[in-house]
Amino acid sequence: MEVLKRKIIEEGIVLNDQVLKVDNFLNHQIDAALMLAIGQTFAKLFAEDGITKVLTIESSGIAPGVMTAMQLGVPLLFARKRKSLTLQEDLYTEKVYSFTKMEESEVTVSRKFLSPTDRILIIDDFLANGEAALGMARIVKQAGADAAGIGIVIEKSFQPGREKLLEQGYRVESLARIASLTDNQVTFVPDGAG
Ligand code: 5GP
């Protein structure tokens, strides 16, 4: 997605060779017009997949997630992050290791919002090691629902998340794929690369 790549080049900050900061338009301040374009792009990619609900994780997945849900005419459901608490029976719970916070947290979704007839589109802001996306996919499985695919705004292709998701049979659609963040520079994976 060219407009997204341009935004990353113009406003992204390479913190180190592993982490990109995009709090100008995605992780803190939000570029609403860009989020709408992102939602339209995901909705087009998954238009034929019978999506009944979009699932993301708070908080940075909510903006692209809600725009995608709006375009598809379905609800957005966001998993909540919380520190380990005693198990609650009305929740689906999965442990997810956070790439940026370097700690494990539990993500939870109320059982009443997922059912076996759902076809879920999972959306997240970044893909690094795949922990967040796989945690959401496990929640979808727990509910007996189907994951139609995973939509990622910014994929860091030099980290193993994409391969892990593909290995498990998930369809992955990333709008910007970063090949490298070395030397303070963002290099993208060429379009059409596998
Ligand atoms: P994963 O679970 O795939 O290892 O990491 C994805 C999650 O970590 C995303 O939900 C995102 O919040 C965060 N994340 C991973 N890498 C980056 C990054 O380079 N920049 C930012 N801002 N967040 C990241």
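Where is the place of Ser59? In this predicted model, Ser59 lies in the loop between β3 (53-57) and α3. The peptide bond that leads from Glu58 to Ser59 is cis, and its omega is near -5°.

Asp183 is a residue other than glycine with a positive phi, near 55°.

**Packing of two helices**

Two packed helices are described by the angle between their axes and the distance between the axes. Helix α2 (residues 32-45) packs with helix α3 (residues 62-72) at an angle of about 55°, and their axes are 7 Å apart. The crossing in which α2 passes α3 is right-handed. On the side of α2, the contact is made by Ala32, Met35, Leu36, Ile38, Gly39, Gln40, Phe42 and Ala43. On the side of α3, Ala63, Pro64, Met67, Thr68, Met70, Gln71 and Leu72 take part. Sorted by class, the contact of α2 with α3 has 11 nonpolar and four polar residues, and no charged residues.

**Charges over rings**

| Charged residue | Ring | Distance to ring centre |
|---|---|---|
| Lys5 | Phe188 | 5.5 Å |
| Arg171 | Phe46 | 4.1 Å |

In the case of Lys5, the charged end sits over the ring of Phe188, while Arg171 lies over the face of Phe46. Rings pair if their centres lie within 6.5 Å, and by this rule the count of aromatic pairs is zero.

Notes:
Residues are numbered from 1 along each chain as its sequence is written. This is a predicted model: local features need pLDDT of at least 70, side-chain atom pairs count only at pLDDT 80 or more; totals for chains, interfaces and linings use all residues. Side-chain values use heavy atoms; hydrogens and water are left out. Rings of Phe, Tyr and Trp (its six-membered ring) pair if their centres lie within 6.5 Å; planes under 30 degrees apart count as stacked, over 60 as edge-to-face and the rest as tilted. A charge sits over a ring if NZ of Lys or CZ of Arg is within 6 Å of the ring centre and within 35 degrees of the ring normal. Axes are lines fitted to C-alpha atoms, for helices over the stretch in contact, and angles run from 0 to 180 degrees between N-to-C directions. Helices (H or I, at least four residues) and strands (E, at least two) are DSSP runs, numbered from the N terminus. A crossing is left-handed if the near helix is turned anticlockwise from the far one by less than a right angle, and right-handed if clockwise. Contact means heavy atoms within 4.5 Å. Ala, Val, Leu, Ile, Met, Phe, Trp, Tyr, Cys and Pro count as nonpolar, Asp, Glu, Lys and Arg as charged, and the others, Gly among them, as polar.
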